[in-house]
Amino acid sequence: MPESWTPAGPDVDAVLARYDDPLRVLSEAEVPAILLRRVYRRADCDGLIERFIERDLMRHPDTPAVEGERTRIDVGTSLGNRGGDQAGFFDHAAATHSLFQHLFDGFDNPVDKVYGHLSQLAAGRQVKVAREPDGRLYGPAVFRIHYGGHAYSPHIDHVSLREKRFDYAVTRFEHQFAGVLCLRNSSQGDGNTQAILHRCLWTEEVQPHLAAGTFPRYAATHNVEHCGVALDPGDLYFFNTRLIHEVPAVQGREPRVVLAVFMGFTSSDDEIFVWA
Ligand SMILES: O=C(O)CCC(=O)C(=O)O
Ligand SMILES: [Fe+2]
């Protein structure tokens, strides 16, 4: 019987006992994800969210949304949103580095947690914030607050394959992964909003199905396996963002709050660049 396609985990030691080079395993999508449980304290998850609300970085779940408000708020800088204006992107990233210098005071630093776990999985490669040859830094990570109704339909994330950006240093990497640390999950009834990873790496052939919203039918006719990634606050997962993936709409009062990073990986490259 072939082994089932399930995440590696639940902690770094278990992953390293099984795989010498877990990120290379991710690059080949041999496993859907590396899923590390309870890497960040629950009290720090709640405390950070309270701080964001106090500082007006996010809306309290009981405060009604103002008309036309977006269902997703970002705290941080993301290349996907801002990369079209390169100077503006790097200025915004510099402001994020300043903001993050003290934003976590009194709590464990969640960005360091993500980078630290990634380093342990990196088989000696250096994990660093993505930078241009002239030293300009990308945003280190982004908090994403998703309110009710926000969904990610089946998609991939890849700077060159999807976004067609070639004027950034991160284009040099062959593979792109994401890291997602859950700080709060939406919940209502028995169903939490959880990510689904499909055992299908992006190709030109599937693109029309993503664009037309017909990927579910494509997946059913091609017997594409999938894997749900159920996160509790404090859990961290890494996955290959060339896998078609989705997150169903957030349900209920609580927003889904995550700290997200992307990273560029090439097996033979001794650096891993991380950005948001
Ligand atoms: O929140 C997640 O678990 C994944 C979100 C995602 O796919 C994205 O931000 O591109
Ligand atoms: Fe994604």
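Which residue just after α6 takes a positive phi?

Author: That residue is Ala123, with a positive phi of about 50°. This is a predicted model, in which local features need pLDDT of at least 70, side-chain atom pairs count only at pLDDT 80 or more, and totals for chains, interfaces and linings use all residues. Residues are numbered from 1 along each chain as its sequence is written, while chains are lettered from A and ligands numbered from 1 in the order in which they are written.

Helix α6 itself covers residues 110-121; helices are DSSP runs of H or I with at least four residues, strands are runs of E with at least two, and both are numbered from the N terminus. From first C-alpha to last, the twelve residues of α6 reach 17 Å, close to the expected 16 Å, a span defined as 1.5 Å times one less than the number of residues.

Buried positions in α6 include Val111, Val114, Tyr115, Leu118 and Leu121. A residue is buried if 20 or more other C-beta atoms, placed from the backbone, lie within 10 Å of its own. An α-helix has 3.6 residues a turn, so residues three or four places apart point the same way.

Leu121 is also one of the residues that Ile34 touches, among them Leu26, Tyr237 and Phe238, not counting residues up to four places away in sequence; contact requires C-beta atoms, placed from the backbone, within 7 Å. Ile34 and Trp275 have the most contacts inside the largest nonpolar core, which has 67 residues. Such a core is a set of buried Ala, Val, Leu, Ile, Met, Phe, Trp, Tyr and Cys residues joined through C-beta atoms within 7 Å. Strand β13 gives the most to this core, with seven residues.

Key:
Buried ≥ 20, exposed ≤ 12 C-beta atoms within 10 Å, placed from the backbone. Contact = placed C-beta atoms within 7 Å.
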